[in-house]
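Come along and check each entry as we go.

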Amino acid sequence: MMKLNIKETFTTELPADPNMENTIRQVENSVYSFASPKRTRAAKVLHVSQEMASELGITEEETTSDYFKNIFTGNEVYPNTKPFSMCYGGHQFGNWAGQLGDGRAINLFEVEHQNKNWKVQLKGAGKTPYSRTADGLAVLRSSVREYLCSEAMFHLGIPTTRALSLSLSGDDVLRDMLYDGNPAYEKGAIVSRISPSFLRFGNFEIFAARKDIKNLKTLTDYTIKHHFSHLGNPSKEDYIQFFKEVSERTLAMIIHWQRVGFVHGVMNTDNMSILGLTIDFGPYGWLEGFDFGWTPNTTDRQHKRYRYGNQPNIGLWNLYQLANALYPIIEEVKPLEAILDQYKVHFEQDSLAMMKSKLGLCVDDANDLKLIQHLEDNLQLAEIDMTIFFRNLSSFTDAESGLSQFENSFYDFKNTTDEIKENWNLWFKKYEERLKIESLLFEERKQKMNAVNPKYVLRNYMSQLAIDAADKGDYSLIDELFQLLKKPYDEQPNNEKWFSKRPEWARNKAGCSMLSCSS
Ligand code: AMP
Ligand code: MG
């Protein structure tokens, strides 16, 4: 029998909603409400992250048991634990949306293993008091995407929530995927996801919005005690320091996203982790053609608020909302403003450093920013695959053979104008010159560059292929991609086929280039 080292801190230290009914409502004066997962018709575990399981003290053998299946699909409640959903609010697409909460997430328990405390949560396990008008369920396609991407992000070295298991519920779920009035039944699924904390900016905002300063303080004190314990006893000074660290972590996470070409898609404040983790994998996407203006989220097609190039700005905008939320327990504007101003300064510095690392530049040169801007301009002159381009850059030898080394990263090299090619030749010349002041040898530089420019990312069409196969009952591609993405920076000669541009059929296909929020 699988035995977990349960150690509850959230439910033992924070106030619960006294109403035990599972009915839709506004929940005040509490951080969460108890809610039980729905029983499913025929649960089936499709995949388990054994790395994550072992972090929780679960053996490989245990993951194959019925007990594991029942616990991590919500069909059985682990002894002496009380599942619950959290209350939070959020700014959605720039507007305050009031109470949102875990509409389809149910927290099961906390596991402590090897001095780490993990929160375990099911996504898609049924209605909660926060489900509003929706069903609390999730479909297979969005669950495959969340499962694969959260573990892929982890292996890329990017702060993220994790996933333990992906299961079918055996129930059908009705979704209007394209919002065109044609709802259809899809297979229901449940992901068990894991994180040191699932707290979001929105958990703090909801109390501030309701002027519930007592609970705002209680929640902040809890967060500092468990997640920022180096800050010491909660005081005004510590709240400021806390905000500073959240700001720094948020920026660090977003710089990582920019480095690998990840576009979150829905950076609403309810999807911003207080620990600076990538959270809520919905209509996210990976850049194929490098384009600052790209967003995968069809809901955001018009304004492109959450486009690739805007993610750092949105991080700052979201931090302003968090600063406003924390203000009542700090009551000083200046230190908060100073931190937000620092974000801008750090962004300039850190993104330059990040881009330099992608180019293999270690020493400082006054023209580096110009060189990088020129590169970014060139990358947008014609459709050029971001991942392939930067990976190939580590093999760059000289400007003479420059462009020919990069032909395969262009989506349509044949129709690239001479003017564009000239621009590239110019850039390669500058890059060749610039490399001369570096001291690293070719092989050393290559190694360093390959450690920041992944060879394999979860391209949008790759997920879609795995989803289409899974829908037909073939789960082998889920495993193939899962294994591939465990070593995204390595050369994997047997997996060269995944180091290739998006195929043309995927250019405008739903699920590949456009993602719906309907999940
Ligand atoms: P998102 O922006 O997708 O992270 O979700 C915004 C809000 O909608 C959150 O409060 C979610 O819990 C809620 N939500 C999304 N999908 C569902 C669903 N199928 N059932 C209930 N609530 C949902
Ligand atoms: Mg969300």
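**Rings, charges and a pocket**

I began with a charge and a ring: the charged end of Arg 305 lies over the ring of Trp 317, 4.6 Å from its centre. I keep in mind that this model is predicted. I then found Lys 501, whose charged end sits over the ring of Tyr 411, 5.8 Å from the ring centre.

I picked Phe 396 and Phe 428: their ring centres are 5.6 Å apart and the planes meet at 20°, so I noted the pair as stacked. Phe 396 belongs to the loop between helix H12 and helix H13, while Phe 428 is in helix H14, so I looked at a link between distant parts of the chain, 32 residues apart.

Trp 424 and Trp 427 gave me an edge-to-face pair, 6.2 Å centre to centre with 80° between the planes. They are 3 residues apart in helix H14, about one helical turn, and both are buried. I noticed that one aromatic cluster includes Phe 396, Trp 424, Trp 427, Phe 428 and Tyr 431.

Last, I opened the second largest pocket, with a volume of about 430 Å³. Among its 17 lining residues, those closest to the centre are Phe 292, Phe 347, Ser 351, Met 355 and Glu 376. Helix H9, helix H10 and helix H11 each give two or more residues to the lining, and H10 gives the most, with 6. I sorted the lining by class and got 10 nonpolar, 5 polar and 2 charged residues.

Conventions. Residues are numbered from 1 along each chain as its sequence is written. Chains are lettered from A and ligands numbered from 1 in the order in which they are written. This is a predicted model: local features need pLDDT of at least 70, side-chain atom pairs count only at pLDDT 80 or more; totals for chains, interfaces and linings use all residues. Side-chain values use heavy atoms; hydrogens and water are left out. On a 1 Å grid over the protein atoms alone, a cavity is a set of points where a 1.4 Å probe fits but cannot get out, and a pocket is an open set with protein on both sides within 12 Å along at least five of seven lines; lining residues have an atom within 4 Å of a point. Grid points are joined across faces, edges and corners, and a volume is the space filled by probe spheres set on the points. Helices (H or I, at least four residues) and strands (E, at least two) are DSSP runs, numbered from the N terminus. Ala, Val, Leu, Ile, Met, Phe, Trp, Tyr, Cys and Pro count as nonpolar, Asp, Glu, Lys and Arg as charged, and the others, Gly among them, as polar. Rings of Phe, Tyr and Trp (its six-membered ring) pair if their centres lie within 6.5 Å; planes under 30 degrees apart count as stacked, over 60 as edge-to-face and the rest as tilted. Buried means under 20% relative accessible area, exposed over 50%, partly exposed in between (1.4 Å probe, protein chains only). A charge sits over a ring if NZ of Lys or CZ of Arg is within 6 Å of the ring centre and within 35 degrees of the ring normal.
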